[in-house]
Amino acid sequence: MASFNVNSIRARKEALLDWLSINRPDVICLQETKVMDHDFPAADFEQAGYQCLYKGQKSYNGVAILSLHPMKPLATELGAFTEPGEARMIAALIQNIPIVNTYIPQGFAPDSAKFSYKLAWIRELRHYFERNFKPDEPLLWTGDFNVAPETIDVHNPKRLLGHVGFHPEEHKVLDYVREWGFQDVFRLHQPEGGHFTFWDYRVPKGVEKNLGWRIDHIWATAPLANCSTRAWIDIEPRKREKPSDHTFILAEFDLPDAFKG
């Protein structure tokens, strides 16, 4: 499976279709699609063999799951505190495995109301998982978390510590969710630093110098994490013309028949 902050599905549609034709993941979770539901190009992906589940809003946010297998939508209610109509979370049951795709708020600045909202949003995810799932059963959580969890997940941890995306308060609430029962699948297979999924457009030659952040993630409960065989980041799409500022993160799982039903 794969996860990708597409940064506009319309702007990146052809590039995404080309990538899917080559890599052919069973499932890909998308964030920041930036289209209302009636504008989502579902027919193009269906023609490529992918079923589509999506939730959007105009020019902002938007999440989707594309799957080669049938999907059953799952509830994604976080709480009354969330902004009305916010398209940041979508979930589906695919081959008996629940997959939750999130686009966590960016947070703007540590002294802002948006940052407090981000912390509350992440904290409430723990309660969502507690209400709907069990840590000793297969569950996959993926997406753009907008948080780099460890010092090896940013190119300059000393300078960036305290910035949005690499702030102690963000680490605290993300750990609160992780402690419910998640493992970082990428880190199970890639323990060293220097692997990033996001390079800011505003940083000159940021990709060439690898001045990035790993803020896109694939996490799983133990029963599923134990089935993971590899995980990696495909940096090549970020080097192409008119790319998203993110790139693809992927993981493979060797699923026992008991999971598939």
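Me: Is W141 buried or exposed?
Reply: This is a predicted model, in which local features need pLDDT of at least 70 and side-chain atom pairs count only at pLDDT 80 or more, whereas totals for chains, interfaces and linings use all residues. Residues are numbered from 1 along each chain as its sequence is written, and side-chain values use heavy atoms, with hydrogens and water left out. A residue is called buried under 20% relative accessible area, exposed over 50% and partly exposed in between (1.4 Å probe, protein chains only). The relative accessible area of W141 is 0%, so W141 is buried.

Me: How many aromatic pairs are there?
Reply: Rings of Phe, Tyr and Trp (its six-membered ring) pair if their centres lie within 6.5 Å. Planes under 30 degrees apart count as stacked, over 60 as edge-to-face and the rest as tilted. Counted by this rule, the aromatic pairs come to 17.

Me: Which arrangement do the rings of W141 and W219 have?
Reply: The ring centres of W141 and W219 are 5.3 Å apart. Their planes meet at 85°, so the pair is edge-to-face.

Me: How many residues apart are W141 and W219?
Reply: Helices (H or I, at least four residues) and strands (E, at least two) are DSSP runs, numbered from the N terminus. W141 belongs to strand β8 (residues 140-144) and W219 to strand β10 (residues 216-221). This pair links distant parts of the chain, 78 residues apart.

Me: Which parts does the pair of F145 and W219 tie together?
Reply: F145 and W219 form an edge-to-face aromatic pair, with 5.3 Å from centre to centre and 75° between the planes. F145 and W219 are both buried. The pair ties together parts 74 residues apart in sequence, because F145 lies in the loop between β8 and α4 (157-160) and W219 in strand β10.

Me: Which residues do ring pairs link into a cluster?
Reply: W219, one of the members, is buried at 0% relative accessibility. The linked residues are Y128, F129, F133, W141, F145, W180, F182 and W219.

Me: With which residues is F133 in contact, leaving aside its neighbours within four places in sequence?
Reply: F133 is placed in the loop between α3 and β8, and its relative accessible area of 14% makes it buried. The C-alpha atoms of F133 and P98 are separated by 8.7 Å, although these residues are 35 apart along the chain. With contact meaning heavy atoms within 4.5 Å, the partners of F133 are L74, P98, V100, Y128, L139 and W180.

Me: How are α3 and α5 placed to each other?
Reply: Axes are lines fitted to C-alpha atoms, for helices over the stretch in contact, and angles run from 0 to 180 degrees between N-to-C directions. Angles under 35 degrees count as roughly parallel, over 145 as roughly antiparallel, 65 to 115 as roughly perpendicular and the rest as oblique. The axes of α3 and α5 lie 8 Å apart, at an angle of about 10°. The two helices α3 and α5 are therefore roughly parallel.

Me: Against which elements do the buried residues of α5 pack?
Reply: In helix α5 (residues 168-178), the residues E170, H171, V173, L174 and V177 are buried. Their packing partners are α3 (113-132), β8, β9 (182-184) and β10.

Me: With the side chain of which residue does the side chain of H246 make a polar contact?
Reply: H246 is found in the loop between β11 (228-234) and β12 (248-253), and it is buried at a relative accessible area of 5%. A polar contact is a pair of N or O atoms within 3.5 Å; within protein, one must be able to donate a hydrogen and the other to accept it, and residues adjacent in sequence count only if both atoms are side-chain atoms. At 2.9 Å, the side-chain partner of H246 is D216.

Me: With the side chain of which residue does the side chain of S228 make a polar contact?
Reply: S228 is located in strand β11 and is buried, at 11% relative accessibility. The polar contact of its side chain spans 2.8 Å, and the partner is H189.

Me: Is S59 buried or exposed?
Reply: Most residues other than glycine have a negative phi. S59 has a positive phi of about 60° although it is not a glycine, and S59 lies in the loop between β3 (51-57) and β4 (60-67). Its relative accessibility is 52%, so S59 counts as exposed.
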